[in-house]
Amino acid sequence: MPYQAQVRETGKVIDLRDGESLLDAATRQGVTAIHRGCRGGGCGVCKVRVLSGAYALGKCSVAVLPPDERGVGFVLSCKTFASTDLVVSTEAESQDR
Amino acid sequence: MRLGVVETRVMDLDESLKYYTEVVGLQVTGREGNRAYLKGWDEEDHHSVVLVESDRPGLNHMAFKVRFEEDLNRFEKAVAQYGIPVRRVTKGTRLAEGEAIEFTLPTGHSMQLYQDIEKVGNGLKLNPDPWPDNLKGMAPPNLDHLLLTGDDIKSVTEFMTRVLDFHISEQVVSVDGEQLIGTFLFRTNSPHDIAFIKGPDAKLHHFAFHLENWQDVLRAADLLTKNDITLDMGPTRHGITRGTTVYFFDPSGNRNEVFTGGYMPGADFTPITWTEDQLGKAIFYLERQLNDRFTTVLT
C-alpha cells in the first residue's frame, strides 16, 4: 500500500510508491529539501529525521549514521522504506550532515 | 611505480560483487573471508581491486607496485628519513600478495608499496586477439587512478614528489596563488595516477577505471541507466587532464569513474596551473560549473 511522507518544514507531501525509497520518491517529485548524494547509504547527504511513522532502514554507513542517531529517528532517506505514513524533518540537528 | 591495488570497503559484499562484475565488468580472481579480489581483463596481476565488507564504505588503502623488490628497502628508508613511520606488511596478509611496506600520508590515507604479487596473466601474450571473449558490462581493461581529499595538499604533494618521485601534471591554486587546492600527480605516462584535492582528511573522492575511447564512456553511461546505477556526473570532458569521463556510485556510495583520453606527460612535463575561480571549467569543461554533490559526497 502506498504511503505519504510530509516534510515538516515546508508542509510538502511526498507520495511513496511501493518499494520506493524516501529519497527516490522525493527526487521523482522534485522535492529538493532532501538532497541526493550517493544513493547507496554511504555519504550521509540525504539524512533526515523521522518524527513520526514506521519504516525499514537498509544498510547505512555507521560513519555518517551512528547508532545513537538511528535510535532517535535519523535515517538516510535513500535507504528508508516507509511502512506507515511519515513526518520527516530536513533541518533536525545532526552531528554529521 | 604504478597504481596496482585499491582496497575499498563495501557494506554488502554480494551486492557489490554483482555490481563490480556485471555492471563494471571486473573479473573475480579470489574470495577469502570478508574480502573479494578482482581485476580488469587486461591486467596480469592477481587483482587490482579488493572489496572488504564493512559497516562503512571508503578506502582502506591504495598500493603502488614498484619495479624491483629492492625498491621496497630504498623507499622504506626514504619514507622513514622523511619522518613518516613505515611498517612491513607480511606476505600472505592478503591473497596472492607478497611483502609490502605501509605508511600513512600527511592526508591520513594508508598507502602501500609492493612488488610481489601472483601473476595470473591476461591470456593475450602469444599471437593474441585485441580483446578476449566473454567481456561483461563496461569491461575496463585496467584500474586507472584515484582522487583523495585532505587538508594539507602542500605537504602531501611535497612528500609524493620528493620522496616517491611523482611529478605534478596539474595543480589548482587560489586566485592569489598563495594556496594549493589540488594536485594531480603521475609516476607513469598518464595525466594522473593519483590526485589530491582540499577536503576532509582520509576520505576517498573516487577511483577510476580506464576505457579505450569516448564511445566506450558513452556506452558505460548507458549501462548505468540500464542497471539503475546512480549517476553522479557526465559523460563529459575534464579541463584537467583533457580526458573524458562519467562518474557514478557503487552500491555502498563509493564514487567510481571510467576515464579515457588525456595527454601523455613525461618526467620533464611542465605542470598546468588552474586558478580556483576557474575550477568549474577545470573539472567539468563542458558544464563549466561544479555541483555540490561532486564536492561534498565522499566516503
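The model is predicted: local features need pLDDT of at least 70, side-chain atom pairs count only at pLDDT 80 or more, and totals for chains, interfaces and linings use all residues. Residues are numbered from 1 along each chain as its sequence is written, chains are lettered from A and ligands numbered from 1 in the order in which they are written, and side-chain values use heavy atoms, without hydrogens and water.

**Where chain A meets chain B**

- Chain A brings 14 residues to the contact and chain B brings 18 residues. Contact means heavy atoms within 4.5 Å.
- About 1200 Å² is buried between chain A and chain B, and carbon and sulfur atoms give 51% of that area. Buried area is the accessible area (1.4 Å probe) that two parts lose on being put together, summed over both.
- Two salt bridges are found across the interface of chain A and chain B. A salt bridge puts a side-chain nitrogen of Lys or Arg within 4 Å of a carboxyl oxygen of Asp or Glu.
- A:Arg39 forms a salt bridge with B:Asp228, and their closest N and O atoms are 3.2 Å apart.
- On the side of chain A that touches chain B, six residues are nonpolar, five polar and three charged. Here Ala, Val, Leu, Ile, Met, Phe, Trp, Tyr, Cys and Pro count as nonpolar, Asp, Glu, Lys and Arg as charged, and the others, Gly among them, as polar.

**Aromatic pairs**

- Over all chains, the structure holds 11 aromatic pairs. Rings of Phe, Tyr and Trp (its six-membered ring) pair if their centres lie within 6.5 Å; planes under 30 degrees apart count as stacked, over 60 as edge-to-face and the rest as tilted.
- B:Tyr247 and B:Phe294 are edge-to-face, at 4.8 Å centre to centre and 70° between the planes.
- This pair links distant parts of the chain, 47 residues apart: B:Tyr247 is in strand β15 (residues 243–249) and B:Phe294 in helix α6 (residues 292–296) of chain B. Helices (H or I, at least four residues) and strands (E, at least two) are DSSP runs, numbered from the N terminus.
- B:Tyr247 and B:Phe294 are both buried. Buried means under 20% relative accessible area, exposed over 50%, partly exposed in between (1.4 Å probe, protein chains only).
- B:Tyr263 and B:Phe269 are stacked, because their planes lie at 10°, with ring centres 5.0 Å apart.

**B:Phe249**

- B:Phe249 sits in strand β15 of chain B.
- B:Phe249 is buried, with a relative accessible area of 2%.
- Residues that B:Phe249 touches include A:Gly37, A:Cys38 and B:Tyr19.

Technical notes: Lists of a residue's contacts leave out its neighbours within four places in sequence.
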